[in-house]
Amino acid sequence: MSGYILEMNQITKAFPGVKALDQVDLQVKQGEIHALVGENGAGKSTLMKVLSGVYPYGSYDGEILFEGETCQFKDIKQSERVGIVIIHQELALSPYLSIAENIFLGNERESQHIMKWQETFSEAKRLLERVGLKDSPETAVMDIGVGKQQLVEIAKALSKNVKLLILDEPTAALNETDSENLLKLLLELKQQGMSSILISHKLNEVSLVADSITILRDGKTIETLDATVEQVSEARIIKGMVGRELTNRFPERYPQIGETLFEVKNWSVYHPQQQERKIIDNVHFYVKKGEIIGIAGLMGAGRTELTMSIFGKSYGSKISGELYKNGELIEANTVAQAIEHGIAYVSEDRKTYGLNLIDDIKRNITLANLKRISRLNNIVIEEGKEVQESQQLSEQLNIKTPSLEQLAGNLSGGNQQKVVLSKWIFTEPDILILDEPTRGIDVGAKFEIYTQINQLAQQGLAVIVISSELPEVLGLADRIYVMNEGRMTGELRREEANQEEVMRYMTGAGGE
């Protein structure tokens, strides 16, 4: 044997109008953590779908060797049978089933179609101990956080006697503590001899745990770096990903800030089901024309709940407080009313709340403001105008697609995010709320989105950015509000803000 557990040679995969993979090579050594990095649309997920049988043998060209044997997988079950298991960015757990039931879903412990419950729960407990999760196997998945759900997915993979574990953006939705715990677990599994492929846009994590790093760009293998031999810097990885030096992570900003445009006063929100539980407690903030404000906070601080409740009361119950635009009290009790008042909201969950994945790009872009492209009292869509307007926004945001007829679900994460942003720009808003605008996208696409945010502020929009990445908040915002447990605990100007000061308010140590 060559010392490689996996060899993918000259893999080529084409879709109508685009070659997604062009003679890609990937070699993974036995017992290593191998990072796969590249810009959105570089071909990372496509390559892993080829490997796992999602794209079956015959739909691509090239050769796959696993443990020295040629593999021609027809579906994902065949790849799992030999020990290749993939955990996707969108977790595939059933919230209403227990942890144990989720671990063995599709791989049940049964005899003659009768479940062996005692064996199921005892084996689940053993797997949970292995991944460091102390919760009972009988706990419903809906009752545990996203970080723990990732551990359940890994326990599920271990139940299938995994030899090569593929993790696609495993920490994208995790807070810092949960991310650290997951990376520690990966290193522990490596010590036990397991091989892993880690797809991540968080280059600090890649540098921390990876033994080898393969860089893809435009569907081609650029290079593989041996992180055990040399210290591989983030700048070195970025250069391979984008094909150039990226000296600044954020574009230069020259703010032209005007009068207060939007103000929220005495805003309180209760949980939609547990109506005695207050989620947002008497919050007050404002944003001026041409200003970018950041809202920072730990997971559970209430940032998303605050902004969703403002946007047409699309979250919460017993909502109280006042909204002012240009000094005048406004009502935004529905999403339609919020849009009429010039408020736009880009959700953190682009696949569920941002896009219609089974419709094309142009329809997704124009969907929130159809009256702009319609006639006869908004009954008839002017298709030529729809194409013209969506084409203009597609070019403005550099959406990489062979056609506006492409389904949104077929785009990479970064290009999907650009479509969502285009959709809300198309509504011609005055106040733009961006919730985790760069989650799960690469540094190149991030820079493009930061540039668009700056340009929108230059045009006089009031921009509100929620981000779990402190460098992003510090790099974008003119002012930063900090939340803790549903309250505003601090307000910092750009020149006085730093990570330590923001973190102090995030943990509640900074006072009211």
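Phe 66 stands opposite Glu 69 of strand β5. This is a predicted model, where local features need pLDDT of at least 70, side-chain atom pairs count only at pLDDT 80 or more, and totals for chains, interfaces and linings use all residues. Residues are numbered from 1 along each chain as its sequence is written, and side-chain values use heavy atoms, without hydrogens or water.

**Sheet**
- β4 (residues 61–66) and β5 pair antiparallel over 2 bridges; pairing takes at least two DSSP bridges between two strands.
- Strands are DSSP runs (E, at least two residues) and helices are H or I runs of at least four, numbered from the N terminus.
- The open sheet has 4 strands in the order β2-β1-β4-β5, with antiparallel pairing.
- Its edge strands are β2 (18–29) and β5 (69–70).

**Salt bridges**
- The structure holds 26 salt bridges (a side-chain nitrogen of Lys or Arg within 4 Å of a carboxyl oxygen of Asp or Glu).
- Lys 325 bridges to Asp 430, with the closest N and O atoms 2.5 Å apart.
- Lys 325 sits in β16 (residues 317–325) and Asp 430 in the loop between α14 (413–425) and β21 (431–435), so the pair ties together parts 105 residues apart in sequence.
- Lys 325 counts as buried at 15% relative accessibility (buried is under 20%, exposed over 50%, partly exposed in between; 1.4 Å probe, protein chains only).
- Asp 430 is partly exposed at 31%.
- Arg 439 forms salt bridges with Glu 348 (3.1 Å, N to O) and with Glu 436 (3.4 Å, N to O).
- Arg 439 is buried at 18%, and Glu 436 is buried at 6%.
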